[in-house]
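Q: Could we go through this structure together? I would like to discuss its cores, a helix pair and some backbone angles.

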Amino acid sequence: MGENLIEITELAKVYSTGEIAVQALRGISAAVKRGEFVAVMGPSGSGKSTLMNILGCLDRPTSGTYVLDGEDVSRLSKDRLAGVRNRRIGFVFQSYNLLPRLTAAKNVMLPLLYNGHQHLSDKECYERAVAVLESVGLGDRTQHRPNELSGGQQQRVAIARALINDPSIILADEPTGNLDTQASEEIMDLVHQLHDRGSTIVMVTHEPGIAEYAQRVIYLRDGQIASDRQNGKSRKRGKL
Amino acid sequence: MSLRRTLQVAWEGLTLNKARSFLTTLGVIIGVAAVIVMLAVSAGAEAEIAEQINSLGPNLILVMPAFTRGGFGPGMGRPPSLSYDDISAIAQNVTNINGVSAEQTTDQNLKAGGVTLEDVSIVGTTAGFPDVRDYRVAEGRFLTDNDNDETLKVVVLGYDVAQELYGEQSAVGQSLKIASTKFTVVGVMEPKGVIGNTDYDARVYIPLTVVFKKFTHARFGGDDVRTIYVSAASREVMDDVMSQVSTLLQKQHSTDATSSGFNMITQDSIINAQASTTEAFRNLLGWVAGISLVVGGIGIMNIMLVSVTERTREIGLRQALGARPRDVQLQFLLEAMMLSLIGGLVGVMAGVGGSYLFNALGTMRTDLVPASVPLAFGAAAVVGIFFGYYPATRAARLDPIEALRRE
């Protein structure tokens, strides 16, 4: 395994709806190092969602290669991609995407259901979920359902869910998009802690203040990288 | 994902909307219960008919005038009809028989002393009746050929009628009035009970010729004997008896052999005819019940499609978290199967319970067909897989990106 966790080369994605072909990505090459915290910015239509979908193994590129953790995942079957998502990727969504009928602990346990390699007992799964919830500061909310939690707490549950399979990378899509300033700050502090503990994080955001938390900011425009800069001011907190 | 955990997830999905799941299941419950009850009802009807036919008496041959197809045109003459004389002729000339008889029933009021019984079945018959019906006299005697020949006003009472009119007293020698005619009681039958729809003990028996003379009108063919019952001595001689009767009747009525104007029916032929009727009946019921199962299945498919649409986002999330298409498919297939199997289980209970209840309440006779239980339950399982497959496959084919974007 090399230093780079993610290597994308000449990545392109074309959506064809009928006769019109839309070029969402026009040959992007980049690498993300292990332990790096990258923010992806850009106006709507710049291709950042498409890029995130491909990085998240939810979609496959039209051309180019995507090597994740030493494995070329750009041409894998749907089943294999599902396995990669389960073991290597932790998703954090703007709208949390918690199942309303399940408790926080059960929501966090969801990825373990689809983990084909580990045969944990129900009890072990539960204990692991509780441990992860404690690590994001929700040790006292394990039996609450999402509607009994605040937005910030719900996003913490979602982050715990992303962490439970100990993924190679965390993909966060506008993680603070539905939160107020106070909660956003708390969530970004948590994301920062994860980074400090060694997690590799790629985050899409359109808020410059949120992007400030990252070490590196990639700016997309028209399906291409417009700029890719190290963020000197990173790790500064309380700037919102 | 392990089967146990998938089952758990599927169960959670069902309990999400309990009322809806129950209503969906109801279709299958009704279908499965219908299959079981319908089969039990038709088996019960079949058994009852067989019992009734057998109760007519042993080795019975029914002789009746044929219906002519051409109608009554000029030159065709009246179709041959049976008469009282034919009964005597058969009794005297045909060998290997236990007895010959005919019946003509009329409902009349019966008066004895101060007691009036209304609308009693008055059966006009002949001396052979007890042999044909395997039905014995308890006290006194039955009707004789002489009673019929002389149109004597004598009566033999069914057991209950005698009890009601005379209690502990001997009925024989008493006189009573049927309508306005006076009769003398000559005998009382032993108790026989209800067979089919006939309560033998609540009837009285008088000479056939008296019924023709007093209660039915000879002018309108009221003295026609509709059916002659011939009881053969054994099963083996039935064919022989039938050919003897046929030859005799041709001679009596001067009809030719090719169009002997009479039909002969045996119990076997009735039972066979009934069997094919009840089979048709059973098939019809089976189809109706089967269709209701299919309708139940369509209900499941419908609700599963709704469920897949409602839970698109959940499906997308599960896919993002690592669910393979086949995991999603299995989850929804199991949901559909649980619905149909629970429906099947409750339906079996309702069907078996319903069959017993119909019997117990006396609504109708039902004989539970043991094979119908696994049949109905298996059909429910197949319905679940069949109608669950399409929605489950649709769920599995959802694109996770699209699904996650859905509000």
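The chat below concerns a predicted model.

Q: Which residues touch the most other members of the largest nonpolar core?
A: They are V40(A), V108(A), A160(A), V32(B) and V35(B), in a core of 123 residues.

Q: And which helix gives the most to this core?
A: Helix α2 of chain B, residues 18-55, with 14 residues.

Q: What is V40(A) in contact with, leaving aside its neighbours within four places in sequence?
A: The contacts of V40(A) are K48(A), L51(A), V202(A), M203(A), V204(A), I218(A) and L220(A).

Q: Which residues does the second, separate core include?
A: Among its 53 residues are L82(B), L165(B), A232(B) and M264(B).

Q: Back to α2(B): how do its axis and that of α9(B) cross?
A: The axes cross at roughly 180° and come within 8 Å, α9 being the helix of residues 267-310 in chain B. Because angles over 145 degrees count as roughly antiparallel, α2(B) is roughly antiparallel to α9(B).

Q: How do the residues of that contact divide?
A: The contact of α2(B) with α9(B) has 21 nonpolar, 13 polar and 3 charged residues.

Q: New topic: what is the phi of C57(A), and where does C57(A) lie?
A: Phi is about 60°, positive although C57(A) is not a glycine. C57(A) sits in the chain A loop between α1 (48-55) and β4 (63-68).

Q: Is C57(A) buried or exposed?
A: C57(A) is buried, since 26 other C-beta atoms lie within 10 Å.

Q: And what about D222(A)?
A: D222(A), also a residue other than glycine, has a positive phi near 50°. D222(A) belongs to the loop between β9 (216-221) and β10 (224-230) of chain A, and counts as partly exposed, with 14 C-beta neighbours inside 10 Å.

Conventions: Residues are numbered from 1 along each chain as its sequence is written. Chains are lettered from A and ligands numbered from 1 in the order in which they are written. This is a predicted model: local features need pLDDT of at least 70, side-chain atom pairs count only at pLDDT 80 or more; totals for chains, interfaces and linings use all residues. A nonpolar core is a set of buried Ala, Val, Leu, Ile, Met, Phe, Trp, Tyr and Cys residues joined through C-beta atoms within 7 Å. A residue is buried if 20 or more other C-beta atoms lie within 10 Å of its own, exposed if 12 or fewer, and partly exposed in between; C-beta atoms are placed from the backbone. Helices (H or I, at least four residues) and strands (E, at least two) are DSSP runs, numbered from the N terminus. Two residues are in contact if their C-beta atoms, placed from the backbone, lie within 7 Å. Axes are lines fitted to C-alpha atoms, for helices over the stretch in contact, and angles run from 0 to 180 degrees between N-to-C directions. Angles under 35 degrees count as roughly parallel, over 145 as roughly antiparallel, 65 to 115 as roughly perpendicular and the rest as oblique. Ala, Val, Leu, Ile, Met, Phe, Trp, Tyr, Cys and Pro count as nonpolar, Asp, Glu, Lys and Arg as charged, and the others, Gly among them, as polar.
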